[in-house]
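Dear colleague,

I am handing over the structure below, and my notes on it follow directly after. Please read them with the structure open beside you.

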Amino acid sequence: PEESGCDVDGSLTVGGVSVNELAEQYGTPLHIIDEAGLRRQARRFVDGLRERWPNSDVLFASKSLPIVGMYRLAQEEGLSIDVAGGGELKLALAAGVDPERLHFHGNAKTDAELQDALDAGIGVIIVDNEHELDRLERLLTRPQRLLLRVIPGVDAVTHASQATGGDDSKFGLPMDQALRAIERMRAHPLMDFEGVHLHIGSQILGTEQFAEAVEKLSTAGHFNTYDVGGGLGVKYTYSEQAPSVDEYLDAIVEAAKKHLPADAKLMIEPGRSLVARSGVTLYRVVTVKHTGRVFVAVDGGMADQLDIALTQQRYEAVLANRLTEPWTETVQLVGRQCESGDLLVDGAPLPAAKPGDLVAMPVTGAYAYTMANNYNGALRPAIVFVADGEARLVARRESYDDLLTLHEPAFAAELTHS
Ligand code: LLP
């Protein structure tokens, strides 16, 4: 992260706080968010888009970091918010987000979720399909702003499970069907159809595909609003290159100036590129093993960093308590879950690690906490914001008691008696 440095004792500091202290106080694995860096990145998006296209809105794609503290921060920084389901809606409302600023996504919104969103006074619903229109016809009692998600037929160059704009995407409607759905919305007295949305995929490392997406969006027709989705990639490893926020905004707005009505509202939905680089995950080394290779195993893994298994995302890592020592070996930095895909870094150059050392893995602010799970009985890590030399807990670590709460006590009792 940007607010990091090296303490006099050779250990990493984030937001002015030593990771030794953070590990001591909150335990590991721990997600650490550099709050000042995150706020700066939010302003790059909000101010950057507004300068280039004044009638604009930046939505925080909250699936990337759906924690109450983050919803609140996003609203403070002038972002609107995209929620993709009843759970994210609940968290956003609990954070005190103005419902008018909420945008509801999803390809399978249930009646109950739509009703909750309508009851909350949600700003915009992004309609995915005709069944959703059937539902809305039944549920709407007052005018509701709507966007429609279209399939642009843009094949994003990224991992197959992160590409969402190709012709065979499960999200949205192909152009011909979209036009029919738009007619239907325009004819309905309570449906306030505002425009179209697309999202071509995630972790996209070139800007041309976004320009292409804007052009495709314009072929749907003339509307008030065009929402280009998210997807800007970030640099995870030394060898990767990612466009800057400015390069990304330049590409989108240049295409918008060419293809969209000058008075239209332009929206984007960054998730990863907004939050990823402000996050560091802190682990403690449990075991070091020399077989043919050196395996350094930490106290977390794919349970708290699922994308290492889902998309084979790879990271860099440092020994956070021994930052100034030169690297002496190249290791397999692995987690503790029972799968070989539980590999955090494939060939990490590190000083000879010992049990008890701290490992920091940067660029883990997005899609880590949110996809954390209880695989192998793992506990979801705590997450802290750090700024100006102070740490604030924003979500506590799960406990073994939390693991048990969902289970019927009767069965636990039977087990202990048999
Ligand atoms: N808008 C929509 C409608 C989306 O579906 C997404 C992400 C975004 C915006 C934000 O995209 P971003 O700027 O974060 O790329 N779990 C996967 C990532 C899935 C992204 C899903 N949709 C991973 O760990 O790579």
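The C-alpha centres of domain 1 and domain 2 lie 31 Å apart, the bounds of both domains being taken from an automatic or database domain assignment. That assignment gives the protein chain a domain 1 made of 4-34 + 279-405 and a domain 2 made of 35-275. Where the two touch, 22 residues of domain 1 and 20 residues of domain 2 take part in the contact, two residues being in contact if their C-beta atoms, placed from the backbone, lie within 7 Å. On the side of domain 1 that touches domain 2, the elements giving two or more residues are β4, β20 and β21, and β20 gives the most, with four residues. Helices (H or I, at least four residues) and strands (E, at least two) are DSSP runs, numbered from the N terminus. The residues on this side of domain 1 divide into 13 nonpolar, six polar and three charged, where Ala, Val, Leu, Ile, Met, Phe, Trp, Tyr, Cys and Pro count as nonpolar, Asp, Glu, Lys and Arg as charged, and the others, Gly among them, as polar.

Before going further, please note that this is a predicted model, in which local features need pLDDT of at least 70 and side-chain atom pairs count only at pLDDT 80 or more, while totals for chains, interfaces and linings use all residues. Residues are numbered from 1 along each chain as its sequence is written.

The largest nonpolar core has 124 residues, of which Ile 252, Leu 282, Val 359 and Val 384 touch the most other members. Such a core is a set of buried Ala, Val, Leu, Ile, Met, Phe, Trp, Tyr and Cys residues joined through C-beta atoms within 7 Å; a residue is buried if 20 or more other C-beta atoms lie within 10 Å of its own, exposed if 12 or fewer, and partly exposed in between, with C-beta atoms placed from the backbone. Helix α9 (residues 245-259) gives the most to this core, with seven residues. Because domain 1 and domain 2 both give residues to the core, it lies between them. Leaving aside neighbours within four places in sequence, Ile 252 is in contact with Phe 210, Ala 211, Val 214, Val 228 and Ile 268.

Turning to the ligand, 22 residues lie around it, and Ala 61, Ser 202, Gly 230, Gly 271 and Arg 272 come nearest; a residue is near a molecule or strand if its C-beta atom, placed from the backbone, lies within 6 Å of it. This shell draws at least three residues from each of domain 1 and domain 2, and its residues divide into five nonpolar, twelve polar and five charged. Helices α10 and α11 (307-310) each supply at least two of the shell residues.

The UniProt record, an unreviewed entry, has one "binding site" annotation covering Arg 272, Glu 339 and Tyr 367, with positions given in the numbering used here, feature names shortened, and annotations that may be inferred rather than shown by experiment. These three residues are spread over 96 residues of sequence and are also spread in space, up to 25.7 Å between C-alpha atoms. UniProt also lists Gly 231, Glu 269, Pro 270, Gly 271, Arg 272 and Tyr 367 under "binding site".

Arg 272 lies in helix α10 (residues 272-275) and is buried, with 26 other C-beta atoms within 10 Å. Residues up to four places away in sequence not being counted, Arg 272 touches Ser 64, Ser 202, Gln 203, Val 234, Ala 366 and Tyr 367. Tyr 367, in the loop between β19 (358-362) and β20, is buried as well, with 25 other C-beta atoms within 10 Å. Glu 339, by contrast, sits in the loop between β17 (329-334) and β18 (343-350) and is partly exposed, with 14 other C-beta atoms within 10 Å.

Some backbone details also deserve a look. Most residues other than glycine have a negative phi, and most peptide bonds are trans. Gln 203, however, has a positive phi of about 55° and is buried, with 25 other C-beta atoms within 10 Å. Asp 388 also has a positive phi, near 50°, but counts as exposed, with 10 C-beta neighbours inside 10 Å. A cis peptide bond, with omega about -10°, joins Thr 28 and Pro 29.

With best regards
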